[in-house]
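Below is a set of questions about how terms are applied to one model. Each answer sets a value against its criterion.

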Amino acid sequence: MPDETVARSAPPTGDGAVNPLRAGLSADRITSPCSVVFFGASGDLFKRMLLPAVYAMYLKGTLPADFALVGFARTAFTVDKFREYCRAQLELFMPDGSKPQGTLWNDFARRISYITADFNDNRHFVDLKNLLAQNDRELGTGGNHLFYLSTPPPVFPEIIKHLKKAELEKSDDGWTRIVVEKPFGTDLASARTLQAAIEAVFPENEIYRIDHYLGKEPVQDIIALRFANTIFEPIWNRNYVQYVQITSAESLGVEERGGYYDHAGALRDMIQNHVINLLALVAMEAPISSSADDIRGEKYKVLSAIEPPTHADVWSMSARGQYGPGTIDGHAVAGYRQEKDVAPDSNTETFAAVKLSIENWRWAGVPFYLRSGKRLPRKLSEIAVTFRPIPHRFYGDSTEGIEPNVFVIKIEPDEGISMRFEAKVPGPKEHVRSVYMDFSYGTGFGVQSPPAYERLIGDAMQGDQTLFTRWDAVERAWEIVTPILDVWQNTKDFSFPNYAAGSQGPESAKKLFADWRHL
Amino acid sequence: MALQLESVLGELADSLRERGCDASVATMSVVVFFEDATIGALARERIRMLASKHPSRVILLDGTQGDDLHVVNGCDWIELGVKSRSPEILRSAVATLRLPDAPVVLLWIARGIGSDARFVSLSEDAQTIVYNSSLVDVGHDALCEFVEYVERNPKLPLADIAYLRLAPWQECVAIFFDGSAAAELAELERVEVGCGSEPEAYYLIGWLASRLGWTPSAADALLSRSGKRVAYEIHRQGEPRRIARIALSSAQSTFVAEVDASQETILLSAHGSSEHAPRYRAIDNPGIAALVERAILWGQNDRIFRAALAAAGEILTWGKE
């Protein structure tokens, strides 16, 4: 009766003992108990995204049964007040509107604690160490600690320094991991400085650089599309692909983030991380397995095949823009320089377009056009792969307008895939026209994808780094964009604002691209 | 007499034309057979949920109706009255109406699995066969039939919803024995399951037995690897197809997972040498659509399920003796 082969495959539990009942249970449930410490727990990201994600995981039963949440921030809260604060934020921000109440909320709340802290004062980190030990004893969190840095980035090095000083960088009984929110640095030099601070304390396999974009289901679908099918691989190269266009467009302006954005800009905020990550996924070679190391290794390899531009090249391979007043969805909206916390003569780009080349066997000669901007006509994220035109006018001059095939991976707002191909119009004449085949994950599978933060926090708890960015890829992305940043920062653009809110973007960007997919 | 499928095919073609150039996506053909009107009504509702998540062509074979019934709703929903139809006719109808390239999933929601020639005929073309023993019978007879059928056909891609329904409770039981508490597993002496239908309870005990190496030794007891007697007891408690309580005990400890008074939460309590503060889990009763999805994606070739089913079969056999 005993199933010996399965029993042998049962995963070990936290202390190395084997629990044979674990074998084969759903892998989406996290079994290893832990405390999660949110640095910056009184901030916007925590209340809007992180706390709702953790509570949703609790309600779905995907958190470990023995779990604790620790808030660590400057705002003065007692533990009870912080629990009340968390409850109030969940009332506001749970995406499905579910209310924290009853037995489940009471159980969750008793797992929440808080330390009012000065990030420069090591005594508070010693308090944290004591609190984590108390959680281990009283809540069974097993000595496993996940530190989540959701403070403004300038504070990261200070926190890491004090984690080390308080001997929190390792746990005698369990694991220690650190999640670092983006942006990871503001340029190549600052990213290297931050990396040096982190790697002095934590090894790479304990560092989780989060880019929530990578937790979105459609981004993960790119891997399945490319490597769970055979039909795309033979044509996924320079022989068939004419160019690739990657777009991340938003209709929103900077909203409440003017102070941050005016020091960042579209190139730092979107291209350096989200968009270059998409490029890596769409252009990388097939990893030998779906393991984190194999996927991240291939992503790094393809990024390393992109030659960073010289300063002299920058104007021929990039374009920038800044929105002025305009109209979005029928409403007049202000220009960027009129936004809150933005300098009235700001030189910050709200639109960035870059043309990159991947110098390897697969992609040599195929331009990759990347663009991202704010206050564009609509929210749209996609990867459009345009194939080469037909080699011979089979139908003669009457079909001069035959369009090349385009394969589009749609990421937002309607995740899916579409394909443009040519078909004969029924009738005696040889008319050919473009038709569009469309697959939507929403109607195809009829389910909402889980929010990105749920997926990523769960992965960090499970020790799966696949969807987190490895340092070598972060560094390479900075190496690619830093020359452009240098030139743009040191050159005042007197044409700003050079596109109206709600328009297609600056004319200079359209000239850079072989084709401008309409937004 | 053959089914008149020409009009069904005609309506399907009309429906496709009406849809115009909208692309259609399909993941499978779902063939559902039932012979009980109440079960049929339930099946219709749940299969709609399944088909809304996994676009499918649904072919409902209604064993309560004669061939005056045929319903075509769009391209993807067909109902046929198949009362008194022969196995060959059913198989032929499915062959005609199924999507040509998509896999066939057969949901057999009726008694007679294995002995019913219609089931045998339909199962031959199915890539996945999903049974629901506790929907057919809240007692254990349907489960016994299923055990016997699987023994005779070990390679068929079979899954039972009653087992798949256990997943959140398996998780709850496993939680008790993580870490150092794993040692307690060898000390267990008693298992009690409160459930509104028997198949889930037998599956749960079968799962424990197969994972822990227990073998039946009496109508109400098993023998552990070390020769310790493990008594088991099944109570009818709560709604059919819902587990209400699982209790495991050794001489030193008691572990109980039970639906609490709010009916929204499972309370996990451990007393004795493995004492632990109470823990709570949200009750996660996956709908039938989610369970069928689980069966399709990984249920039918699950070695742990097969082992649990075999163990449940042995326990049932000892119970009869």
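The questions and answers below concern this predicted model.

Q: What makes the contact between Lys60(A) and Glu454(A) a salt bridge?
A: The criterion asks for a side-chain nitrogen of Lys or Arg within 4 Å of a carboxyl oxygen of Asp or Glu. The closest N and O atoms of Lys60(A) and Glu454(A) are 2.7 Å apart, so the pair qualifies.

Q: Why can this pair be said to tie together separate parts of chain A?
A: Lys60(A) belongs to helix α2 (residues 44-60) and Glu454(A) to helix α13 (residues 452-462), so the bridge connects parts 394 residues apart in sequence.

Q: What makes Lys129(A) and Glu167(A) partly exposed?
A: The class lies between 20% and 50%. Lys129(A) has a relative accessible area of 32% and Glu167(A) one of 48%, so both values fall inside that range.

Q: What is noted about the backbone of Glu167(A)?
A: Phi of Glu167(A) is near 60°, which is positive, and the residue is not a glycine.

Q: Where does chain B have a residue other than glycine with positive phi, and is that residue buried or partly exposed?
A: Arg241(B) has phi near 65°. Arg241(B) is located in the loop between β11 (229-236) and β12 (243-250) of chain B.

Q: Why are Lys161(A) and Glu158(A) said to be separated by about one helical turn?
A: The two residues are three positions apart in helix α6 of chain A, so about one turn separates them. Lys161(A), at 46%, and Glu158(A), at 22%, are both partly exposed.

Q: What makes Arg190(B), Glu192(B), Glu233(B), Arg245(B) and Glu258(B) one network?
A: Salt bridges that share partners join these five residues of chain B. Over all chains, the search of the whole structure finds 54 salt bridges.

Q: Why is the peptide bond from Glu412(A) to Pro413(A) called cis?
A: Omega of this bond is near 0°. Pro413(A) is in the loop between β15 (406-412) and β16 (416-424) of chain A. A cis peptide bond also joins Phe496(A) and Pro497(A), with omega about -10°. Pro497(A) is in the loop between α14 (471-489) and β18 (499-500) of chain A.

Q: How do you know that chain A is as compact as a globular protein of its length?
A: Chain A comprises 15 helices and 18 strands. The globule rule gives 24 Å for 519 residues, and the radius of gyration is 25 Å, close to that value, so chain A is as compact as a globular protein of that length. Its C-alpha atoms fill a box of roughly 80 × 70 × 40 Å along the principal axes. Buried residues make up 56% of chain A.

Q: What makes chain B as compact as a globular protein of its length?
A: Chain B contains 11 helices and 15 strands. For 321 residues the globule rule gives 20 Å; the radius of gyration is 22 Å, close to that figure, so the description holds. The C-alpha trace of chain B spans about 70 × 40 × 30 Å along its principal axes, and 57% of the residues are buried.

Conventions:
Residues numbered from 1 in each chain as written. Chains lettered and ligands numbered in written order. Heavy atoms only, no water. Helix = DSSP H or I, 4+ residues; strand = E, 2+ residues; numbered from the N terminus. Buried < 20%, exposed > 50% of the residue type's maximum accessible area, 1.4 Å probe, protein only. Rg over C-alpha atoms; globule rule 2.2 N^0.38 Å.
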